[in-house]
Amino acid sequence: VIGEYAPDPTDASGKFGLVRVKARESLPQPVTLAEIKAESALGHLLLVRHSRLSVSPVDDAAWRCICAMGGLAKAP
């Protein structure tokens, strides 16, 4: 997270907000949603169970698994 919560300037209703984020590094190989759904260790993620979510929590074990799937030797 590189910036605090702020109202979404594109939302005229004022209901939505945003937080600015920046990736620490790129994955050597992309991890697709299909690959995440096929990995049994990730079946508990909201992303897998409710695919319309744009933002959802990822626990430490799942994060390490996704990083490994993407070719990172160690999760950042």
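1. A residue is called buried when its relative accessible area is under 20%. In this predicted model, C67 has a relative accessible area of 2%, so C67 is buried.

2. The cut-off for a disulfide is a pair of cysteine sulfur atoms within 2.5 Å. Seen from C65, the closest cysteine sulfur is in C67, again at 9.4 Å and therefore too far for a bond. Across the whole structure, the search returns zero disulfides.

3. D11 sits in the loop between β1 and β2, the latter spanning 17-18. D11 is buried but has no salt bridge. K15 carries the nearest side chain of opposite charge, 7.4 Å away, whereas a salt bridge requires the side-chain nitrogen and the carboxyl oxygen to be within 4 Å.

4. What does the side chain of D11 reach at 2.7 Å? The backbone nitrogen of F16. The side chain of D11 also makes a polar contact of 2.6 Å with the side chain of S13.

5. Y5 belongs to the segment before β1, a strand covering 6-7. Its relative accessibility is 57%, and because exposed means over 50%, Y5 counts as exposed.

6. Y5 is also part of a nonpolar surface patch, together with V1, V19 and V21. The accessible area of these residues together is about 460 Å².

Methods
Residues numbered from 1 in each chain as written. Predicted model: local features only at pLDDT ≥ 70, side-chain atom pairs only at ≥ 80, totals over all residues. Heavy atoms only, no water. Patch = residues over 30% accessible without salt bridge, like charges linked within 9 Å, V, L, I, M, F, W, Y side chains within 5 Å. Areas by Shrake-Rupley, 256 points an atom, 1.4 Å probe, with all protein chains shown as cover. Helix = DSSP H or I, 4+ residues; strand = E, 2+ residues; numbered from the N terminus. Buried < 20%, exposed > 50% of the residue type's maximum accessible area, 1.4 Å probe, protein only. Lys, Arg positive; Asp, Glu negative; His and termini not counted. Polar contact = N/O pair within 3.5 Å; in protein donor to acceptor, adjacent residues only side chain to side chain.
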